[in-house]
Amino acid sequence: MNQTRKIIYALIAVVMVAVIFSISYYYLSTGTITVTTNDTKSLITVTLPGAKPHNLSHGHGTIRLAPGKYVVDVTVGDKESTAITQVTRGKKTSVNITLMSPVVVDTKGDYTAKSIIPDATGVTFLNSPFKQLFHYDGTTAVVVWPDIYPVAAIYWLSANTAYVLNPDGSLQYVIDGHATGPTAGQDTPQSIPPQSFAINAHGKLAAVTNQSVEVVDQPGATPHVVASLPSSSWGVALSERGDILLYDTSEGVEKTIKHSKSRYLPIDGKPRELPDALSYISSATISGDGTHMIYTADGSTGVYDLKANAPGVSIALQPTHPGSAAWVGNTKALYAQGTSIWLFDLASSTSAKISNISGSLTVDRPFTVTSDGQIYFGTDPATDGSGGQIYHFKL
């Protein structure tokens, strides 16, 4: 009998040790994530891609999970926000996600428009079907700068000055309807592929010409070469303060194709090459202070920290219009996802839906962002007839 008891006690001890070991292993091999929001009625969904979602309610909650990257979605009514967070073994992770009320979007005109700029009397825009510039005061639309025709694209510096891209690829500087070459001493416009030049709001122009990168510091200034490239199939991005990104846009992303490394030319440091993962980029935009870029490579859109020279936070909800990203200040960016506009916050790595749209956006870079937070964009008509209008909202 004593022997039997000893065996039973021994088995119980083994089971207890096994349970304790299992629990300890579970706690040591997992991590916790605590999610809070600004709305106690919101539903929180925490999902490991490809796995069953975990739901938390009442705007907050804590859950223990295996290590990995998780997508956190928060919804209530017409409000939506999403972010990516990392669960680390043995660590506690806290995520605070803010839900935003949709912005009030008003219509400024029933025109298929792109490159919209406001002034004291209305908006001036490129009428996409007519390839001509119009001004609309809320009542009447009139053609402006009639001698500047046809127009493929326009890059506004102010309501009366701009760079104009013609259908033949030539670039002109225009002031009050009078066109000149973009650089000093030129009688004819300079021909530049559309993907190979960038202009900032101060009028600085960076362009790839004949395997060199030329910079014009302001309209009419003498160009100067800042870099040489192995080919002319390179793209350029330019920050508001003048930092330059150069990236290979050659067709194809197969492993057999060797892309040259992208380069970053900061105004306050030495030029440097970027990692191999950034060797092929199809579009990029740099924050005004030159510290971060949002880029699309191999169909995926991400954030890169140019200052730290390291990958930045992840965008949970990928843009369906990869080239639609537009910085609002240095820490936020607008982008389009389906028929919605989202605002990405770099500081919290959160994307919040701020509006739904009718129709489809007219260009890869559809948003005009003014210095006081006014946003303008246009849409093409959808198949059901909706859209084809000029829209405006304020952040």
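How many cavities of 30 Å³ or more does the structure hold? The notes below get to that, step by step.

1. Before you start: this is a predicted model, where local features need pLDDT of at least 70, side-chain atom pairs count only at pLDDT 80 or more, and totals for chains, interfaces and linings use all residues. Residues are numbered from 1 along each chain as its sequence is written, and side-chain values use heavy atoms, leaving out hydrogens and water.

2. Look for strands first: the protein has one helix and 37 strands. Both are DSSP runs numbered from the N terminus, with at least four residues (H or I) for a helix and at least two (E) for a strand.

3. Eight of these strands make an open, antiparallel sheet, ordered E3-E2-E5-E6-E33-E32-E31-E30. Its edges are strand E3 (54–56) and strand E30 (326–328), each pairing on one side only. Pairing here requires at least two DSSP bridges between two strands.

4. Inside that sheet, strand E5 (residues 68–76) is joined by nine bridges to the antiparallel strand E6 (residues 79–87).

5. Of the 395 residues, 48% count as buried, meaning under 20% relative accessible area (1.4 Å probe, protein chains only).

6. Back to the opening question: there is one cavity of 30 Å³ or more. A cavity is a set of points on a 1 Å grid over the protein atoms alone where a 1.4 Å probe fits but cannot get out, and lining residues have an atom within 4 Å of a point. Its lining includes Tyr295 and Arg365, and strand E26 (283–286) and strand E27 (292–297) each supply at least two lining residues.

How values were computed
Buried < 20%, exposed > 50% of the residue type's maximum accessible area, 1.4 Å probe, protein only. 1 Å grid on protein atoms, 1.4 Å probe; cavity = no way out; pocket = protein on both sides within 12 Å on 5 of 7 lines; lining within 4 Å. Points joined across faces, edges and corners; volume = space filled by probe spheres on them.
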